[in-house]
Amino acid sequence: MSTLSRLLQYLKPHRWRIVGLVCCMIGIAILNFLTIGSLQPVIALLFAPQNAKVSLVPTSIANLHIPIIMNAEAYAMDHRWKVFFICCGILVTAGFFRFLFAYGQEFIIQSISERLMMNIRKDLYGHMHTLSLKYFTQK
């Protein structure tokens, strides 16, 4: 049995924690994408001249002519600062949830690593007690 497969045996009791860890990582990645991706259209909207047409959605989505998106774009053009403050609130909320996901990720990583070390030490200690006295005197 290889060393890696023996060490992976210690991870089996923690598989649900590892699933939670992966979920936290995915949550952080999604929130990072949303916060970075949502800033560019808002900045373009705020600093564009008053009469300029600014698209808040990518052209591939805008070509679908979805009424909700078209109404949202028209609303954003008329109420620039209100949209700005809404986006600021979304960014703060996303930052808060990103913090929660990062905290959960660190907590899960620390709990898994501490329990793994405890189990490995316990097994090693138990194995050393099963060895004969002759083993210790020869080395």
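Author: Gladly! A residue counts as exposed when its relative accessible area is over 50%, as buried when under 20%, and as partly exposed in between. Please keep in mind that this is a predicted model.

Reader: Is Tyr103 buried or exposed?

Author: Tyr103 sits in helix α5, which covers residues 80–130. Its relative accessibility is 53%, and the cut-off is over 50%, so Tyr103 counts as exposed.

Reader: Which nonpolar residues form a patch on the surface?

Author: Together, the members of this patch have about 750 Å² of accessible area. Tyr103 is one of them.

Reader: Which residues do ring pairs link into a cluster?

Author: Rings pair if their centres lie within 6.5 Å. Pairs of this kind join three residues into a cluster: Phe99, Tyr103 and Phe107.

Reader: How many aromatic pairs are there by this rule, and what kind is the pair of Tyr135 and Phe136?

Author: The count comes to four aromatic pairs. In the pair of Tyr135 and Phe136, the ring centres are 5.3 Å apart and the planes stand at 85°. Planes over 60 degrees apart meet the criterion, so this pair is edge-to-face.

Reader: How far apart in space are Ile43 and Phe84, C-alpha to C-alpha?

Author: Ile43 belongs to helix α2, residues 15–46, and is partly exposed because its relative accessible area is 44%. Along the sequence, Ile43 and Phe84 are 41 residues apart. In space, their C-alpha to C-alpha distance is 8.5 Å.

Note on methods:
Residues numbered from 1 in each chain as written. Predicted model: local features only at pLDDT ≥ 70, side-chain atom pairs only at ≥ 80, totals over all residues. Heavy atoms only, no water. Patch = residues over 30% accessible without salt bridge, like charges linked within 9 Å, V, L, I, M, F, W, Y side chains within 5 Å. Areas by Shrake-Rupley, 256 points an atom, 1.4 Å probe, with all protein chains shown as cover. Salt bridge = Lys/Arg side-chain N within 4 Å of Asp/Glu carboxyl O. Helix = DSSP H or I, 4+ residues; strand = E, 2+ residues; numbered from the N terminus. Buried < 20%, exposed > 50% of the residue type's maximum accessible area, 1.4 Å probe, protein only. Phe/Tyr/Trp six-rings, centres within 6.5 Å; stacked < 30°, edge-to-face > 60°.
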